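Hi,

Here is the structure I promised to pass on. My notes on its aromatic rings follow below.

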Amino acid sequence: MGLQSAIIDWLDARFELTDAVDAEVYRRVPNYAAATYRYLGGVAVFLVTIEFITGFLLGLYYVPDGAGNPAPAYASVVFIQQAAYLGWLIRGIHFWGANLLIAVAFLHMTFVFWNGGYRPPRELNWMVGVLVFLIIVLFSFTGSLLPWDANSYLARAREISIISGSGVLPDGVSGFIRYAVQGGPVVGPTTLLRFFMAHVFLLPGLMAVLLYVHFRLVRKQGPAEPG
Ligand code: HEM
């Protein structure tokens with residue numbers, strides 16, 4: 001106890017830690033901020049944290065060998081699943097956490113919509129939320145190629161064809177995007193490395209920035225009144 005209060009006193013003297021914690025813990029929220037509206041965003045925060053932690057642990061053993069030889073990627077996932085200590089559990093939590101996050105983020109979005117949380121002045125935060133949702137979907141899309149087994153390879157190759165052949169964009173533009181995403185004319189080792197870099201570097205970075213803005217806006221604007 002002596003050591004604990006010494007550390008807290010030391011921090012308090014430098015940046016008022018106790019005041020900051022008290023302001024959060026005893027912050028009053030209006031009665032209309034019902035549990036159903038407020039909790040789902042918090043559950044999503046919890047799941048994002050779980051995904052970051054388990055993703056980091058998987059990254060300790062995953063080998064995204066894109067240098068013309070993607071076989072080690074598959075072998076490293078087999079190693080994680082069968083040999084690494086609790087690897088099967090970490091991989092399972094990462095997989096099911098990702099699926100749960102899609103469901104929870106969708107429910108959060110539905111409740112916010114139902115409550116009119118998209119109306120002025122919260123339109124910007126709604127738009128930020130839509131981008132966050134898009135990023136969650138892209139996390140799943142890029143992550144599901146990484147095991148590099150027949151299922152993940154063939155399913156992603158088919159999805160890329162469907163998206164790029166949908167005719168929404170002019171052929172030249174969608175062809176260019178497809179080439180850039182695949183890193184060549186077909187899904188291959190370069191695609192694996194691109195998806196890996198997006199999954200562990202680009203998307204987490206974008207997600208962190210967007211969630212920071214999301215939380216700052218939530219705090220500044222407060223909960224929307226129902227109706
Ligand atoms: C990883 C994904 C997400 C996380 C971690 C997250 C987190 C949060 C948290 C903690 C809150 C405050 C508490 C609450 O209202 O539940 C919140 C509010 C809000 N979120 Fe999200 N959110 C996510 C995705 C989304 C999505 C997909 C949308 C909509 C497209 C969205 C739109 C909003 C809006 C408009 C508010 C303010 C609601 C109000 O004041 O009533 N969020 N979010």
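Predicted model: local features only at pLDDT ≥ 70, side-chain atom pairs only at ≥ 80, totals over all residues.

Let's start with a charge over a ring: arginine 14 sits over the face of tryptophan 10, 4.0 Å from the ring centre. The cut-offs for that are NZ of Lys or CZ of Arg within 6 Å of the ring centre and within 35 degrees of the ring normal.

Residues are numbered from 1 along each chain as its sequence is written, and side-chain values use heavy atoms, without hydrogens and water.

Searching the whole structure turns up ten aromatic pairs. Rings of Phe, Tyr and Trp (its six-membered ring) pair if their centres lie within 6.5 Å; planes under 30 degrees apart are stacked, over 60 edge-to-face, and the rest tilted.

One of them joins phenylalanine 111 and tryptophan 114: with centres 5.8 Å apart and planes at 35°, the pair is tilted. Phenylalanine 111 is buried at 18% relative accessible area, whereas tryptophan 114 is exposed at 63%. (Buried is under 20%, exposed over 50%, partly exposed in between, with a 1.4 Å probe and protein chains only.)

Then there's tryptophan 148 with tyrosine 153, an edge-to-face pair at 5.4 Å between centres and 85° between planes. Here tryptophan 148 is buried at 14% and tyrosine 153 partly exposed at 29%.

Finally, ring pairs tie Phe113, Tyr118 and Trp126 into a cluster.

Cheers
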